[in-house]
Amino acid sequence: MMTPPPPPPPEITLVCIPVAANYTPIKGSQIVVCMQCMEPVWFSPSSQALRGNIHVLCGDCAGIQVMLQTLAGDPPQFGGILPNQSEELKAALDETNEETKDNDSSQPNPHPH
Ligand SMILES: [Zn+2]
């Protein structure tokens, strides 16, 4: 029985939140470094589950990368958010909202739209 050769690993660029951003990491997140500037960033469990050739960038370097590629006439394609990742982001946002409520209960809450 013939086994087909495995496909090459996909190239995945992940934009990670810097540890210095004072952000509460998702449970199980690991600290890795941005491959451009060596800034420590959070690497979430859904990202750890990815298989492929993973490039980790902080938000700043990702922004620069997008700008450079756009200037070069080759804007990057974004694959969208993974199902797990949107759940994690939602959980993180919920936590942030609750913290804001607790800390700033006297402040009016402007609508973000
Ligand atoms: Zn960076």
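Modeller: Let us begin with burial. A residue is buried if 20 or more other C-beta atoms lie within 10 Å of its own, exposed if 12 or fewer, and partly exposed in between. This is a predicted model, and buried residues make up 12% of the 113 residues in the protein.

Biologist: What is the mean pLDDT of the protein, and where is confidence lowest and highest?

Modeller: pLDDT is the predictor's confidence in each residue, from 0 to 100. The mean here is 80, and 69% of the residues reach 70 or more. Confidence is highest in strand E2, at 95, and lowest in helix H3 (residues 83-103), at a mean of 62.

Biologist: In what order do the elements run from the N terminus on?

Modeller: The protein has three helices and four strands. From the N terminus on, their order is β-β-β-α-β-α-α. As for contacts between residues at least 6 apart in sequence, 51% of them join residues at least 24 apart.

Biologist: Which residues make up the largest nonpolar core?

Modeller: A nonpolar core is a set of buried residues of the nonpolar kinds, joined through C-beta atoms within 7 Å. The largest one in this protein has seven residues: Cys16, Cys34, Val41, Phe43, Val56, Leu57 and Cys58. Strand E3 (40-43) and strand E4 (53-58) each supply at least two residues of this core. E4 gives the most, with three residues.

Biologist: Which residues does Phe43 touch, leaving aside those up to four places away in sequence?

Modeller: Phe43 touches Cys16, Ser29, Gln30, Val32, Gln48 and Val56. Two of these contacts, Cys16 and Val56, belong with Phe43 to the largest nonpolar core.

Biologist: Which residues of E3 lie on its covered face, and which on its uncovered one?

Modeller: The covered face of E3 holds Val41 and Phe43, while Pro40 and Trp42 form the uncovered face.

Biologist: How many bridges join E2 to E3, and how do the strands run?

Modeller: Strand E2 (residues 30-33) is joined to E3 by four bridges, and the two run antiparallel. The hairpin of E2 and E3 has six residues between the strands.

Biologist: I turn now to the helices. How many residues does H2 have, and what should they span?

Modeller: The expected span of a helix is 1.5 Å times one less than its number of residues. The 13 residues of H2 should therefore span 18 Å, and its end C-alpha atoms are 18 Å apart, which agrees. Just after H2, Gly73 takes a positive phi of about 80°.

Biologist: Why does Cys61 count as partly exposed, and which residues does it touch?

Modeller: Cys61 is in helix H2 (residues 59-71). Cys61 counts as partly exposed because it has 19 C-beta neighbours inside 10 Å, whereas the cut-off for a buried residue is 20. Leaving out residues up to four places away in sequence, Cys61 touches Cys34, Gln36 and Cys37.

Biologist: Is Gly63 buried or exposed?

Modeller: Gly63, also in helix H2, is exposed because it has 12 other C-beta atoms within 10 Å. Gly63 and Val15 are 48 residues apart in sequence, and their C-alpha atoms are 9.3 Å apart in space.

Notes: Residues numbered from 1 in each chain as written. Predicted model: local features only at pLDDT ≥ 70, side-chain atom pairs only at ≥ 80, totals over all residues. Contact = placed C-beta atoms within 7 Å. Pairing = 2+ DSSP bridges.
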